[in-house]
Amino acid sequence: MVAFLNWSRSILVGTLNGVARIVLGVLLLVIVLILIGMARGDGLPGNMVLSLDLRHSMEDSAQSEGFLLGERPLTVMDVVLGLDEAGRDARVKGVFLRLGSGDLPVAQAEEINAALTRFRQTGKFVIAHAQGFYSGGMGDYLTAASADQIWMQPGGTFGTAGTGAGAIFLRGLFDKIQAVPQITKRADFKSAADEYMQKDYTAPDRLQTTAFLKSWYDNAINEEAAERRLKPAQIQATFEASPQFAQDAQKAGLIDKLGYDDDAKNAAIIRAGSDAKSVGLRKYIHDTEESTEFSPSASIALIEASGEIVDGTAQSSPFTSSSGIAGDDLSNAIRAATRDKQIKVILLRVDSPGGSVSASDQILNAVKKAQAAGKPVVVSMGTLAASGGYYISSSATRIVAEPATLTGSIGVLTGKVSFGKSAQLLGVTIDDIGVGKNALFNSVATPFTPDQWANLNHQADAIYSDFMAKVATGRNIPYAQVQNIAKGRVWTGADAKPIGLVDQLGGFWTAVADAKKLAGITEQHVAFRLFPQKKGFFGSLDDAFGGTIAGAKAMEGVAALEQAPLVHATIDAVEAAPHGDVAMRVTNLPVH
């Protein structure tokens, strides 16, 4: 027995010694790598052209640092902040931009356009190349218009033509399968319920959709005309001829040169100098992260809020990018910035269609408490800051929106779709048992009773009235005036400013200027403190296995059939249907 214990002890000691040596070896390796890194700087070339590919859709911002399998995709805020850093970096001479198939939203294009213009104002250049402008929408070309030169591939398609919208309405399908939609809205313009209750656009929805499409169209043409030094009528006439060939767009003055992507890239390299190297913007941001805008001593808190608003908390994952605004997380970030004595002003970036009433109210309460503590809050709106997205912004000291931002939609909707009879058509029976008069209030098997429907409408009335009252107080607008501009109506930033829903038109850096003024900051260049602090891979890994992810979709992307556009849109619409709760969100809105 003694021999066995001695043997076990020797094995244990040997194992522990081995682990200790491994740990020590790893620590030494890390120290060596840090010393090497300090000696060689960030490792980037002394003369470079940054490459930026916008031929894909982008989120406004993201909560997670990176993926286990590959890097997190670039976001709009990455581009905005990265280009600002590059504008101050003498090693960066210009940007080579690829675009044309990203179908960028107009408001997103305005933000990136402003970032590229700010970059060019430092004396640097931007060369854009498109194999074709395939979408009929305005965003891709509006982004390209900010470049010094626009190249297109010979024979490429110039499809930029205007703005358009379309919606899927499920009422006919529901009638065929005997599903019963019972969704009430406040008020006429709250179109998120129409896809379930109607078979086509209602008159109010058609009116508001036409209005914001025209606003996008007019503002985009004016901005493109200014960038290209053409008259708006010339731009419009060229768009009216689309789709057309690249040569036609060049003759009209919308394109500068014809050539392939390598021709345009070589032109950028030559302009920067024969020894210039091409570096991707993602790599540049990663390698210069220690010198970028984020500093632990900064006096401006930057808080990014992107996605649908949900209750609870959303833990980041090393495998995917977390999306959505979790009420606990965003509120706690605002509270942390409020408590921090170094922070003088909070800059809240909002890109959201809304969502949970309770989470939205929780976030708005945190904003108000920050203001009561003497911390001004400036909101910078992205592509969409409507319904709950506007709710959480309504008390801000200043609200800045792009001309094309969709905002407002002061309204609520609630209800459910009952599929009990639909299931019976398939030979399936749904049988619920409940104890208590309204225990099955939200059951999808049976419709609301008359009493339940009255209860639901009472909730909608109360929350809608409270929403309008909070907007009236936050924006210092008479309640009666808010009633006239509410009704669930969506406005563009350009149309929202004259009626008092936003204070100023502009992008992120316009909001930064407002924040600096409110905080009394006179330095030309400012740093930000990001709240909450991004945890990186290992922090995300710990969260992924130690918590839950709010709003995660079960088996997302499993069925190939879901990827068919019509099927996918229908499934998404059904999943997004209210289930008896009162929600503040907009859906089915075009953003292009």
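**Strands and helices**

Guide: Helix α10 (residues 261-272) lies across β1, β2 (92-99), β3 (125-130), β4 (149-152) and β9, running at about 170° to β3. Contact means heavy atoms within 4.5 Å. The model is predicted: local features need pLDDT of at least 70 and side-chain atom pairs 80 or more, while totals for chains, interfaces and linings use all residues. Residues are numbered from 1 along each chain as its sequence is written, and side-chain values use heavy atoms, leaving out hydrogens and water.

Visitor: Which strands stand at the edges of the open sheet of six strands?

Guide: The order of this sheet is β8-β4-β3-β2-β1-β9, with parallel pairing (strands pair if DSSP finds at least two bridges between them). A strand with a single partner has one side left without a neighbour in the sheet, so the edges are β8 (257-258) and β9 (277-280).

Visitor: Which residue is the bridge partner of Val49 in β9?

Guide: Strand β1 (residues 48-53) and β9 run parallel, joined by four bridges. In β9, the partner of Val49 is Ser278.

Visitor: Which residue in β18 stands opposite Lys185?

Guide: Strand β6 (residues 180-186) is largely enclosed by the rest of the structure, because five of its seven residues are buried (under 20% relative accessible area with a 1.4 Å probe, protein chains only). β6 pairs with strand β18 (residues 412-418) in the antiparallel sense over seven bridges. Opposite Lys185 stands Leu413.

Visitor: At what angle do the axes of α12 and α13 cross?

Guide: Helix α12 (residues 327-339) and helix α13 (residues 357-372) are roughly parallel, a term for angles under 35 degrees. Their axes come within 9 Å and cross at roughly 5°.

Conventions: Axes fitted to C-alpha atoms, helices over the stretch in contact; angles between N-to-C directions. Helix = DSSP H or I, 4+ residues; strand = E, 2+ residues; numbered from the N terminus. Parallel < 35°, antiparallel > 145°, perpendicular 65-115°, else oblique. Buried < 20%, exposed > 50% of the residue type's maximum accessible area, 1.4 Å probe, protein only.
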